[in-house]
Amino acid sequence: MTACRAAIARAQDALAQWIPAPIPLACDILAMPAHLAAAGHAPHYTPPRLDGSPGLFWFNTQVPQTGAGWAGEALAFHEASPGHHLQLSRAQALSTLPALQRHGFVNAYGEGWALYAERLADEAGLYSTPERRLGALVLQLFRAARLVVDTGIHAEGWGWAHAVAWLRRTVPLPAAFAEAEIGRYVAAPGQALSYAVGQHELLRLRADAQRRLGPRFRPREFHAAVLDSGSVPLPTVGRLVDEWIAAC
Amino acid sequence: MTIAAVADELDTAWREHRPFLASEDGLCAYDDRVPDLTVEAEDAYRAALGRLARRARDLDETALTFADAVTRDVVLDAAQRELTLLESGGLEHTVAPVMTEGPTALLTVASRTVLRRPQDASAYLARCRAMPAYLRAHVARLQEGARHDRRPVAALVQAATRQVDEALASGGNKLASVPPPPGWVGAEAWQQQVARASDAAARALGDWRAAVAALAVRADDACGLCHLPGGEGDYAALARAHTTLDVTPAEVHALGRAQVEALHDAVVELGGVLGHAGLEATM
């Protein structure tokens, strides 16, 4: 948790180079309730509540999960800043938008942004050691593997044992964690596709904007175009980027 | 009607369908409710989604500003995603210790509840009292699914019933562990009422466990949606809904394979530079 706090502080300092004002305040990190931690819940973020409660990054201090060890900094960038906390806090402040866009959560957009944020942190050199950067790469590999396993199970008919074996062969994970992951994919078909597909689409849109704008491309303005209509489906992000490019 | 009004109506319908999530967002108007899992409630929600999507589609596109057009995209996407989730019938064949309706949601409520005012305490008591009916409705939906050969997966049933067993063995559902508002004069009587509601919920958890243990299950080797009647089409629709893109499962699978290959090479290369031979050593 200490390492995550330090990583989030570095990201907060870097936010101004990624997005224009207003920059949200950093979120806090707390240990999650004991019974959730014992059940193996993954570290996660809960956004600021309408009653004024702040956004919080909940950490599992009882059962080691993804995010423990070398992957910790990547997880902090994903859950807090520049990931979920930045995106959701900024959206909630957009008072002219309908609540559906300010408080809604479109998985492919929200999880895609958070995974994109891990990459953004790497591009800004925010990982503190090469090992932490390696941890981030392994987490990216893990999310890519989800695309194969989720579709493998539900469209290609993979059995549970085969899915666990393939996942562990591709991303060396503890057996219990791999089992829990497969359980999640089985319980919520397709949800796990949103992360890597969303990131892939955001990276594609950014590359396209860079190509079209050349030296006029500004990352801060690109990110504002992506973030400042709240939670939207990915094709709409494409429309927003097109509109921004046309106005440049 | 403006697109903003349609969006607000959809947002309200969504929150009424998912009051636990509304509470997590800090909307205290929903704190006394539990999800209505009955077929009738689902049908009403489905009808509302269809009606709102039609209203959004029927708006004159030429009269919309760019911001309005964005909102219309969001409304149509959200309505379609919710309809897809309903059509896939997950409620009738999913038992799991995570991310599902039923005991998992119940066991999570206490840890996410903070009571500041007497009215918060009253709302929480009403929610606790509604838990047994919530669990009974969940069982009824699972039994309905089983009648149509849509059965839950064995490994997840085992994990979910184990979660319930552990909760019951360690003092129940924690509903009575939520402290009353600080300094409230009605605290003592309220705590007794919550304790009784908690006991009733614990009995309902036991009933849920017995009913689920009696369900026929799907073998772990057939854990995918494609093994259920109509499951192939359901999954293709869910893949589109969760990615918001017009992609097929086969295309997503191929994208994943390509990403895995590229990232594997990057991991092994950086791991090698750091003196770790092979993928395993990087972990």
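Me: How many helices and strands are there in chain B?
Reply: Bear in mind that this is a predicted model. Read along the sequence, chain B goes α-α-α-α-α-α-α-α-α-α-α. That leaves 0 strands, and the helix count is 11.

Me: What share of the contacts in chain B with a separation of 6 or more comes from residues 24 or more positions apart?
Reply: Some setting for chain B: its C-alpha trace spans about 60 × 60 × 45 Å along the principal axes, and buried residues make up 42% of its 283 residues. As for those contacts, the share from residues 24 or more positions apart is 76%.

Me: Which element of chain B gives the most to the side that touches chain A?
Reply: Start with the contact itself: 65 residues of chain B meet 63 residues of chain A. On the chain B side, the elements giving two or more residues are helices H1, H4, H7, H9, H10 and H11 of chain B. The top contributor, with 14 residues, is H10(B).

Me: And how many residues on that side of chain B are nonpolar, polar and charged?
Reply: The side in question is the part of chain B that touches chain A, with 65 residues of chain B in contact. They divide into 11 charged, 17 polar and 37 nonpolar.

Me: Why does Pro249(B) count as buried?
Reply: Pro249(B) sits in helix H10 of chain B. The cut-off for buried is 20 or more other C-beta atoms within 10 Å. Pro249(B) counts as buried because its C-beta neighbours inside 10 Å number 25.

Me: Which residues does Pro249(B) touch, leaving out those up to four places away in sequence?
Reply: Val194(B), 55 residues apart from Pro249(B) along the chain, has its C-alpha atom 47 Å away. The residues that Pro249(B) does touch come from both chains: Tyr235(B), Ala236(B) and Ala239(B), plus Thr151(A) and Ala155(A).

Me: What covers the buried residues of H10(A)?
Reply: The buried residues of H10(A) include Ser194(A), Tyr195(A), His200(A), Leu205(A) and Ala209(A). From chain A, the cover includes helices H6, H7, H11 and H12.

Me: How far apart are the end C-alpha atoms of helix H10 of chain A, and what should the helix span?
Reply: Helix H10 of chain A has 20 residues, 194–213, and Gly214(A), with a positive phi near 55°, follows. At 1.5 Å a residue the helix should span 28 Å, which agrees with the distance between its end C-alpha atoms, 28 Å.

Technical notes:
Residues are numbered from 1 along each chain as its sequence is written. Chains are lettered from A and ligands numbered from 1 in the order in which they are written. This is a predicted model: local features need pLDDT of at least 70, side-chain atom pairs count only at pLDDT 80 or more; totals for chains, interfaces and linings use all residues. Helices (H or I, at least four residues) and strands (E, at least two) are DSSP runs, numbered from the N terminus. The expected span of a helix is 1.5 Å times one less than its number of residues. A residue is buried if 20 or more other C-beta atoms lie within 10 Å of its own, exposed if 12 or fewer, and partly exposed in between; C-beta atoms are placed from the backbone. Two residues are in contact if their C-beta atoms, placed from the backbone, lie within 7 Å. Ala, Val, Leu, Ile, Met, Phe, Trp, Tyr, Cys and Pro count as nonpolar, Asp, Glu, Lys and Arg as charged, and the others, Gly among them, as polar.
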